[in-house]
Amino acid sequence: MQEVTPEETTRAYAFDMWMKSPMPMVTLIKTIDVTRLRQISRKRGMKFNMLMCWCIGRAAARIKEFYVLPVGDRLVRYGSIAVNTIVANTQGEVSSCDIPFDEDLGKFNDDYLRLTRQVAESCCNHDITDRMVIGTSALAQYDIDGAVGMYSGIFNNPFMIWGRYRHGWFKTRLTVSFQFHHTQMDGVHAARFLNYLQDQINVL
């Protein structure tokens with residue numbers, strides 16, 4: 001990771017417009033078809049949430065805006081991505097776990113299982129500070145139509161939330177909420193990311 005001069009990036013105007021905004025976050029909500037994820041999860045014995053996180057990382061890796069993030073009052077460029085997941089720990093609470101994204105699904109799956117188990121047992125967060133982290137929170141036991149994240153003023157990372165998927169006659173659908181800092185990307189980049197996410201799910 002390295003600090004960059006905003007004027008030397010495509011985000012210079014957005015940096016001037018949104019860095020000092022009291023509410024710089026934008027949220028898009030989209031319903032996606034996760035039929036294939038559910039099929040692969042059941043057929044190969046892989047966790048649905050892990051597959052979802054891998055597809056999120058793979059879609060984000062195709063969009064250059066994901067590699068530049070406002071941190072404090074600076075703009076920082078990262079060379080790689082991680083995906084965060086929330087883990088139920090042995091104390092009955094939740095902990096945070098960052099998983100480095102890898103194009104190799106098998107490697108990502110191994111890291112996901114190892115790190116989430118480690119976090120659940122230790123009740124200690126696993127943070128990766130040298131990658132741009134995409135936050136996620138799966139409320140898989142609950143039916144929700146959307147969620148708007150909270151802006152803490154500390155973490156500017158993009159964040160996704162989803163609840164229980166819904167079965168139809170032939171398709172399984174999942175409504176996702178994607179929050180992002182307007183300095184990092186515009187609505188068109190976020191919408192493109194959600195389209196890429198659907199593409200990655202379809203070809204998995």
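Colleague: How many residues does helix 5 have, and how far does it reach from its first C-alpha to its last?

Modeller: Helix 5 has 17 residues and reaches 25 Å, close to the 24 Å expected at 1.5 Å a residue. The expected span is 1.5 Å times one less than the number of residues. Helices are DSSP runs of H or I with at least four residues, strands are runs of E with at least two, and both are numbered from the N terminus.

Colleague: What should I know about the model itself?

Modeller: This is a predicted model, in which local features need pLDDT of at least 70 and side-chain atom pairs count only at pLDDT 80 or more, while totals for chains, interfaces and linings use all residues. Residues are numbered from 1 along each chain as its sequence is written, and side-chain values use heavy atoms, with hydrogens and water left out.

Colleague: Which residues of helix 5 are buried?

Modeller: They are H189, A190, F193, L194, Y196, L197, Q198, Q200 and I201. Buried means under 20% relative accessible area, with a 1.4 Å probe and protein chains only.

Colleague: What covers them?

Modeller: The cover includes strand 2 (25–33), helix 2 (35–44), helix 3, strand 8 (159–162) and strand 10 (172–181).

Colleague: Turning to helix 3, why is it described as largely enclosed?

Modeller: Of its 13 residues, 12 are buried, so helix 3 is largely enclosed by the rest of the structure. Among the buried ones are F48, W54, G57 and A60.

Colleague: How do helix 3 and helix 5 cross?

Modeller: Their axes, which are lines fitted to C-alpha atoms over the stretch in contact, come within 8 Å and cross at roughly 125°. The angle runs from 0 to 180 degrees between N-to-C directions. The two helices are therefore oblique to each other; angles under 35 degrees count as roughly parallel, over 145 as roughly antiparallel, 65 to 115 as roughly perpendicular and the rest as oblique.

Colleague: Which residues make that contact?

Modeller: M52, C55, I56, R58, A59 and A60 of helix 3 meet F193, Y196, L197, Q200 and I201 of helix 5, where contact means heavy atoms within 4.5 Å. These divide into 9 nonpolar, 1 polar and 1 charged. Ala, Val, Leu, Ile, Met, Phe, Trp, Tyr, Cys and Pro count as nonpolar, Asp, Glu, Lys and Arg as charged, and the others, Gly among them, as polar.

Colleague: And which residues of helix 3 meet helix 4?

Modeller: N49, M50, L51, C53 and W54 of helix 3 meet L105, F108, N109 and Y112 of helix 4. That contact has 7 nonpolar, 2 polar and no charged residues.

Conventions
Buried < 20%, exposed > 50% of the residue type's maximum accessible area, 1.4 Å probe, protein only.
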